[in-house]
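Here's a quick tour for anyone meeting this structure for the first time.

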Amino acid sequence: MKKTKGTCGKALAQWMRKNRRSILVLAAAAILFIAVAYIVRPEPEEESDAVHTVYENGKIVQILSDSTELDERSDNSYRGEQLMLVDVTTGEYAGKQLQVYNYVAPIYGVPLKVGNGVTLQISVYENGDLRATVFEYNREPVMILIVALFLAVTVLVGGKTGAKSLIGLLVTLACLFWILLPLLMKGAPTLLTVFFVCAYAAAFCFVLLGGLSRKTACALLGTLLGIGVALLFALLAQTLAKIDGMRNSEIEPLLQLRQDGSSLGLKGLLVGGIVISTLGAVMDVAMSISSALYEVHAVNPTLNRHQLFRSGMNIGRDMVGTMTNTLILAFFGSSLTLILYLNSLDLQPHQLFSSAYLAREVISGISSSIGVILSVPATAFISSILMENAKVELRG
């Protein structure tokens with residue numbers, strides 16, 4: 001046992017010595033993240049003695065009345081309301097039993113049964129009285145199960161690389177929620193902030209997956225050029241089409257924030273969203289081409305810059321078609337409900353092509369696709385330069 005521990009300790013020490021530069025870079029990046037997240041953290045809201053609302057979980061113990069019924073005109077969805085007794089299971093009101101209403105319609109709420117978990121919206125009044133309604137069916141256990149299955153599949157199939165990719169995903173999400181969103185809410189320039197946060201996330205993920213190497217540098221530079229091209233093309237397209245982030249059906253609540261004194265920049269949100277949605281696909285293409293050229297050069301170190309670039313382009317062309325389809329279909333799928341509605345209106349061509357909705361979706365899909373497509377020659381060109389005279393070793 002001692003011998004095994006000693007062997008593991010030596011292996012760990014050897015691995016740390018071999019990857020010390022990458023470890024130092026990742027540690028510095030983590031410190032930077034923590035510092036920025038602390039600086040831009042939202043200010044805590046002051047509690048008011050007036051009416052306030054909390055959301056807690058509970059469990060249904062009895063159905064007192066139920067008027068829900070099927071509505072054939074709504075594709076057999078339910079309508080009506082339920083009155084029930086619910087035991088609160090979380091928060092300061094845990095253990096209390098409340099009488100709550102559950103309002104059901106095709107676009108909100110679902111009929112519930114005894115034993116179902118629910119999330120309650122509890123209004124707390126100045127005199128301590130509570131009034132609760134069902135906010136939604138409690139989906140936390142199901143969401144946790146879905147995420148757990150995703151993590152398990154990724155690690156089982158991807159091994160150590162899969163585990164690293166999950167860490168990179170968590171870092172990316174943390175950057176978006178703890179850095180990007182607070183900065184935008186504080187009035188930071190939308191496009192510059194989005195670009196630099198995406199660049200930071202990409203750099204962290206690449207170093208985590210591939211360490212500090214020419215391959216990683218090529219992939220990162222290709223990624224930055226790809227999302228930069230997507231950003232510039234989207235800016236040009238929205239200028240020509242005379243449309244920006246204000247022409248969005250979800251903008252009204254943010255516009256209210258702006259009118260209440262927030263300095264959030266709204267007009268750049270369309271292009272900012274395009275850059276974020278493009279990042280993953282561009283990273284995939286850039287790393288694939290960089291890694292492939294690394295292996296090609298390792299097998300045949302005599303290849304010159306032109307030959308390496310041509311190999312990279314040949315590899316990239318096979319990826320462009322499927323990746324472009326992926327992006328366009330992703331945009332189509334995310335808007336399928338609205339597309340069906342527009343199709344049912346039997347709009348005339350001039351009316352449809354001049355609509356803000358179609359312009360926004362076309363700009364989003366085409367800008368992302370162009371960013372992915374042009375990341376191919378960018379990564380191939382950078383890789384051919386950095387790897388031409390480099391000494392590399394073939395893996396495994």
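Let's start with Ser290: setting aside its neighbours within four places in sequence, Ser290 is in contact with Lys215, Cys218, Ala219, Thr379, Ser383 and Met387. Keep in mind that this is a predicted model.

- Ser290 sits in helix H7, which covers residues 269-299.
- With a relative accessibility of 0%, Ser290 counts as buried, because the cut-off for that is under 20%.
- One of the contacts of Ser290 is Ala219, a residue that turns up again in the contact between H4 and H5.

**Helices H4 and H5**

- How do these two helices meet? The axes of H4 (residues 190-210) and H5 (residues 214-241) come within 10 Å of each other and cross at roughly 160°.
- An angle over 145 degrees counts as roughly antiparallel, and H4 and H5 are therefore roughly antiparallel to each other.
- The crossing of this pair, H4 and H5, is right-handed.
- On the H4 side, the contact is made by Leu191, Phe195, Cys198, Ala199, Ala202, Ala203, Phe206, Val207 and Gly210.
- On the H5 side, the contact is made by Thr216, Ala219, Leu220, Thr223, Leu224, Ile227, Gly228, Leu231 and Leu235.
- Sort the residues of the H4 and H5 contact by class and you get 14 nonpolar, four polar and no charged.

**Helices H2 and H3**

- H2 (residues 20-40) and H3 (residues 140-185) pack at an angle of about 40°, and their axes are 9 Å apart.
- That angle makes H2 oblique to H3.
- H2 passes H3 in a left-handed crossing.
- H2 brings Phe33, Val36, Ala37 and Val40 to the contact, while H3 brings Ala174, Cys175, Trp178, Ile179, Pro182 and Leu183.
- The class count for H2 with H3 comes out as ten nonpolar, no polar and no charged residues.

**Salt bridges**

- How many salt bridges does a search of the whole structure find? The search finds three.
- Why might such pairs form at all? Side chains of opposite charge can pair when their charged atoms come close.
- Asp71 and Arg73 meet through their side chains in a salt bridge, at 3.7 Å from N to O.
- Asp71 also has a salt bridge with Arg79, and here the N to O distance is 2.6 Å.
- Put together, Asp71, Arg73 and Arg79 are linked in a network of salt bridges.
- Is Asp71 buried or exposed? Asp71 counts as buried, because its relative accessibility is 10%.
- Arg73 has a relative accessible area of 80%, so this residue is exposed.
- Arg79 counts as partly exposed, at 40% relative accessibility.
- Elsewhere, the side chains of Arg139 and Glu136 meet in a salt bridge at 3.1 Å, N to O.
- Arg139 is partly exposed with a relative accessible area of 38%, and Glu136 counts as partly exposed at 23%.

**Loop residues with positive phi**

- Here's some background: most residues other than glycine have a negative phi.
- Asp75 has a positive phi, near 60°, and isn't a glycine.
- Look for Asp75 in the loop between strand E2 (69-71) and strand E3 (77-88).
- At 71% relative accessibility, Asp75 counts as exposed.
- Asp346 also has a positive phi without being a glycine, with a value of about 55°.
- Asp346 has a relative accessibility of 65%, so it counts as exposed.

Note on methods
Residues are numbered from 1 along each chain as its sequence is written. This is a predicted model: local features need pLDDT of at least 70, side-chain atom pairs count only at pLDDT 80 or more; totals for chains, interfaces and linings use all residues. Side-chain values use heavy atoms; hydrogens and water are left out. Axes are lines fitted to C-alpha atoms, for helices over the stretch in contact, and angles run from 0 to 180 degrees between N-to-C directions. Helices (H or I, at least four residues) and strands (E, at least two) are DSSP runs, numbered from the N terminus. Angles under 35 degrees count as roughly parallel, over 145 as roughly antiparallel, 65 to 115 as roughly perpendicular and the rest as oblique. A crossing is left-handed if the near helix is turned anticlockwise from the far one by less than a right angle, and right-handed if clockwise. Contact means heavy atoms within 4.5 Å. Ala, Val, Leu, Ile, Met, Phe, Trp, Tyr, Cys and Pro count as nonpolar, Asp, Glu, Lys and Arg as charged, and the others, Gly among them, as polar. Buried means under 20% relative accessible area, exposed over 50%, partly exposed in between (1.4 Å probe, protein chains only). A salt bridge is a side-chain nitrogen of Lys or Arg within 4 Å of a carboxyl oxygen of Asp or Glu.
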